[in-house]
Amino acid sequence: MFGHRHDDRRHSRGDMFGLGGGRFGGHHHSGGRGGRGGRLGRFFDHGDLRYVLLGLIAEHPRHGYELIKAIEERFGGLYSPSPGVVYPTLTLLEELGYIRPDGADGPRKQFVVTQEGSEFLAANRAVVDQIFARMAEVTRTYGGGPAPEIRRAVGNLEAALAIRLGRGPLGADEIRAVTAILDRAAAEVEGS
């Protein structure tokens, strides 16, 4: 029904993963390249996210943010889809009759799989399993790097420096103070 083929030959590691970026593979928006996963580039083929979201909702009811976090966990923190991709896909799945809202947790809609969605998943089990297997392989191959919390903290530091440096040139005293803070942090991290 989603009308695309899955062909493993298209997914050589060189084509599938853009492992460039900084030492920590920071989470930055990568304009149409699969969300905030700068290290991975585009992971999902066209339509794959539909299967992933449907499969995760079939495990147990979830709302959009929980789905984003579940995907990030499956990737060991290496990839997280953007809300701008997840929410329209949830709307599509709802319009197709594969999921439906089941109450609300405040402003958040929690989704459950419908009978139609369960039947669709069963009919496409091999495709869904293949996608989840690729996700697990990425985690096994490229996981083990810094924990997502460390990447977040490094990103916060980079942002704080950019904001401070964006306010104008630093004087000699300010340069010494920032350098001392960074050197202290580096020493503490190294000694931990």
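The protein has an accessible surface of about 11,100 Å², and carbon and sulfur atoms account for 55% of that surface; accessible areas are computed by the Shrake-Rupley method with a 1.4 Å probe, and for residues only the protein chains shown count as cover. This is a predicted model, in which local features need pLDDT of at least 70 and side-chain atom pairs count only at pLDDT 80 or more, whereas totals for chains, interfaces and linings use all residues. Residues are numbered from 1 along each chain as its sequence is written, and side-chain values use heavy atoms, with hydrogens and water left out.

**Confidence**

- The average pLDDT of the protein is 77, and 73% of the residues score at least 70; pLDDT is the predictor's confidence in each residue, from 0 to 100.
- Where pLDDT is low, the predicted coordinates should not be read in detail.

**Architecture**

- The protein contains eight helices and three strands, taken as DSSP runs numbered from the N terminus (helices: H or I, at least four residues; strands: E, at least two).
- Their order along the sequence is α-α-β-α-α-β-β-α-α-α-α.
- Of contacts between residues at least 6 apart in sequence, 62% join residues at least 24 apart.
- Buried residues make up 35% of the 192 residues; buried means under 20% relative accessible area, exposed over 50%, and partly exposed in between (1.4 Å probe, protein chains only).

**Aromatic pairs**

- Five aromatic pairs are found in the whole structure; rings of Phe, Tyr and Trp (its six-membered ring) pair if their centres lie within 6.5 Å, with planes under 30 degrees apart counted as stacked, over 60 as edge-to-face and the rest as tilted.
- Phe44 and Phe75 form an edge-to-face pair, because their ring centres are 6.1 Å apart and their planes stand at 70 degrees.
- Phe44 lies in the loop between α1 and α2 (48-59) and Phe75 in the loop between α3 (64-74) and α4 (83-95), so this pair ties together parts 31 residues apart in sequence.
- Phe44 and Phe75 are both buried.
- Tyr51 and Phe120 are stacked, at 5.7 Å centre to centre with 10 degrees between the planes.
- This pair links helix α2, which holds Tyr51, to helix α5, which holds Phe120, across 69 residues.
- Tyr51 is buried at 4% relative accessible area, and Phe120 also counts as buried, at 8%.
- One aromatic cluster is formed by Phe44, Phe75 and Tyr79.

Terms used: Contact = heavy atoms within 4.5 Å.
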